[in-house]
Amino acid sequence: MAATPETHDYEVVIVGAGPAGMTAAMYAGRSMLKSVIIESGEPGGELLKTEVIEDYPGFEHVLGRDLAEKFASHAKKFGCEFHEFRDVLHVRRMADGSFETTATDKITDATHVYRSPAVIVTAGGTPVYLNVPGESEYAGKGVSYCAICDGAFFRGQTIAVVGGGDAAVEEADFLTRYADKVYLVHRRGELRASKILQQRLFENPKIEVVWHKAVDEIVGELPDGVKALRLRDTQTGAQSTLDVTGVFIFIGFKPNTGVIDMHYDHDPMGYVCTDVNMMTTVPGLFAAGDLRSQLVRQVTTAVGDATTAAIAAEKYLKALEDTHGDPEAAAQEPQVVIGTGGYAV
Ligand code: NAP
């Protein structure tokens with residue numbers, strides 16, 4: 001017989017300890033809320049997959065791992081509990097409008113149920129991987145999934161972009177600001193990207209499209225990083241090598257929304273829609289960071305989203321008291337709807 005799950009009661013449960021989650025944790029702690037952040041691994045999220053960060057204000061050059069540690073110790077200082085190595089299975093809304101977040105401990109296998117009136121989901125997103133040899137080995141050492149984050153490291157170099165959709169084509173164009181030459185490697189003979197983006201691509205003299213090629217391997221050397229791509233012609237099977245010092249992979253990106261086990265509004269790509277306070281269409285359920293529908297996904301935007309989400313969650317909890325525990329009414333309270341965000345007005 002399965003053991004009875006351990007039950008925990010909190011005011012706020014935060015799902016995922018990336019930059020957004022840890023910022024929400026810091027603000028929840030500062031608001032003296034009884035809060036917990038649940039993370040499937042160690043804290044850091046995308047920061048742990050990023051070698052160096054150069055666009056977080058105040059840090060001209062910081063290792064992703066170092067910034068992750070700083071975020072975690074800062075959040076812990078204000079009292080948010082960290083429950084690491086626990087996989088969140090689902091967040092469910094109960095009949096009274098509160099939430100149950102169920103997680104499995106990866107070390108003990110025990111099931112934990114977290115009950116709370118508010119949840120902030122900051123589970124991030126996952127790029128679609130090529131799943132070829134060398135990809136994980138050279139991640140952050142020439143292999144990247146983010147042009148804005150890493151483009152500047154490839155100034156004057158020859159690099160490749162993999163994919164044929166809007167993201168690949170748009171980012172290939174963007175990367176020519178830094179790289180001298182960008183190969184767009186695509187597995188077919190036509191691009192999926194919109195015509196306007198294609199036109200920009202074909203007009204850019206720094207870009208060369210490599211048609212009908214699949215990447216079989218990312219070749220490199222440690223500690224230097226990527227040196228070349230081993231390509232296979234998808235029509236003839238012929239193998240070739242493309243010398244590059246970086247490869248940006250844009251073959252899709254998926255928000256990690258699978259844990260949200262209830263109806264909520266999302267955009268056509270599956271990203272969670274929120275109001276200006278980061279509240280989803282479910283009262284008391286907030287979303288921040290990469291899984292939220294928005295223009296860009298950066299550490300800076302994740303941090304901003306999460307600041308708002310945590311402060312709005314505190315206001316929502318207060319509104320819940322004022323409305324005798326009615327989530328729908330609480331979500332309509334002026335302090336939640338207007339979201340003056342702590343500024344005196
Ligand atoms: P996408 O449109 O799904 O395109 C993915 C591309 O990756 C396709 O060209 C696909 O090739 C290729 N691909 C998939 N798996 C591959 C593999 N294993 N090996 C090699 N190539 C592979 O994804 P996206 O470009 O990330 O765009 C996602 C959505 O965001 C789209 O709706 C897009 O319009 C939108 N978006 C819009 C903009 C914009 O409007 N400025 C910018 C970025 C994204 P095939 O073509 O052969 O299938």
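User: Which residue stands opposite Arg232 in S18?

Analyst: This is a predicted model, and the pairing is read from it as such. Strand S17 and strand S18 (residues 239-243) run antiparallel and are joined over five bridges. Within that pairing, the residue of S18 standing opposite Arg232 is Gln239.

User: Which residue in the turn between S17 and S18 has a positive phi?

Analyst: The two strands form a hairpin with five residues between them. In that turn the phi angle is positive, at about 80°, for Gly237.

User: How many bridges pair S16 with S17, and in which sense, parallel or antiparallel?

Analyst: A hairpin of three residues leads from S16 into S17, and within the pair Val219 stands opposite Ala228. Strand S16 covers residues 213-221 and strand S17 residues 225-233, and their pairing is antiparallel, over eight bridges.

User: Which strands does S9 pair with, and in which sense?

Analyst: Strand S9 (residues 111-116) runs parallel to strand S1 (residues 6-9), with four bridges between them, and Thr7 stands opposite Val113 there. Strand S8 (residues 99-105) pairs with S9 over six bridges in the antiparallel sense, and Glu100 has Arg115 as its bridge partner.

User: Which residue of the hairpin of S8 and S9 takes a positive phi?

Analyst: Five residues lie between these two strands in the hairpin. The positive phi, near 75°, belongs to Asp109.

User: What describes the packing of H4 against H5?

Analyst: Two packed helices are described by the angle between their axes and the distance between those axes. The crossing of H4 over H5 is left-handed. The angle between H4 and H5 is about 35°, and their axes are 9 Å apart.

User: How do the residues of the contact of H4 with H5 divide into nonpolar, polar and charged?

Analyst: On the H4 side the contact is made by Asp166, Val169, Glu170, Ala172 and Asp173, and on the H5 side by Leu197, Gln198, Arg200 and Leu201. By residue class, this contact divides into four nonpolar, one polar and four charged.

User: Which elements are included in what covers the buried residues of H4?

Analyst: Helix H4 spans residues 166-175, and its buried residues are Ala168, Val169, Glu171, Ala172, Phe174 and Leu175. The elements covering these buried residues include helix H3, strand S13, strand S14, helix H5, strand S15 and strand S19.

User: Is Leu191 buried or exposed?

Analyst: Leu191 is found in the loop between S14 and H5. Beyond four places in sequence, Leu191 touches Gly164, Val169, Leu184, His186, Gln198, Leu201, Phe202 and Trp211. Because its relative accessibility is 7%, and the cut-off for burial is under 20%, Leu191 counts as buried.

User: What is the relative accessible area of Thr257?

Analyst: Thr257 is found in the loop between strand S20 (253-255) and strand S21 (285-287). Leaving out residues up to four places away in sequence, Thr257 touches Tyr264, Gly270, Val272 and Leu291. Thr257 is buried, and its relative accessible area is 13%.

User: Which element gives the most to the largest nonpolar core?

Analyst: The largest nonpolar core has 43 residues, and those with the most contacts inside it are Ile14, Ile37, Ile120, Phe286 and Tyr316. Elements supplying at least two residues each include strand S2 (12-15), helix H1 (19-30), helix H2 (64-77) and strand S10 (118-121). The element that gives the most, with 12 residues, is H6.

User: Which residues is Ile37 in contact with, leaving aside its neighbours within four places in sequence?

Analyst: Ile37 is one of the residues with the most contacts inside the largest nonpolar core. Leaving aside those sequence neighbours, Ile37 is in contact with Ile14, Gly16, Ala17, Gly21, Met22, Ala25, Cys80, Glu81, Phe82 and His83.

Terms used: Residues numbered from 1 in each chain as written. Predicted model: local features only at pLDDT ≥ 70, side-chain atom pairs only at ≥ 80, totals over all residues. Heavy atoms only, no water. Buried < 20%, exposed > 50% of the residue type's maximum accessible area, 1.4 Å probe, protein only. Contact = heavy atoms within 4.5 Å. Core = buried A, V, L, I, M, F, W, Y, C linked by side-chain atoms within 4.5 Å. Axes fitted to C-alpha atoms, helices over the stretch in contact; angles between N-to-C directions. Left-handed = near helix turned anticlockwise from the far one by under 90°. Nonpolar A, V, L, I, M, F, W, Y, C, P; charged D, E, K, R; others polar. Pairing = 2+ DSSP bridges.
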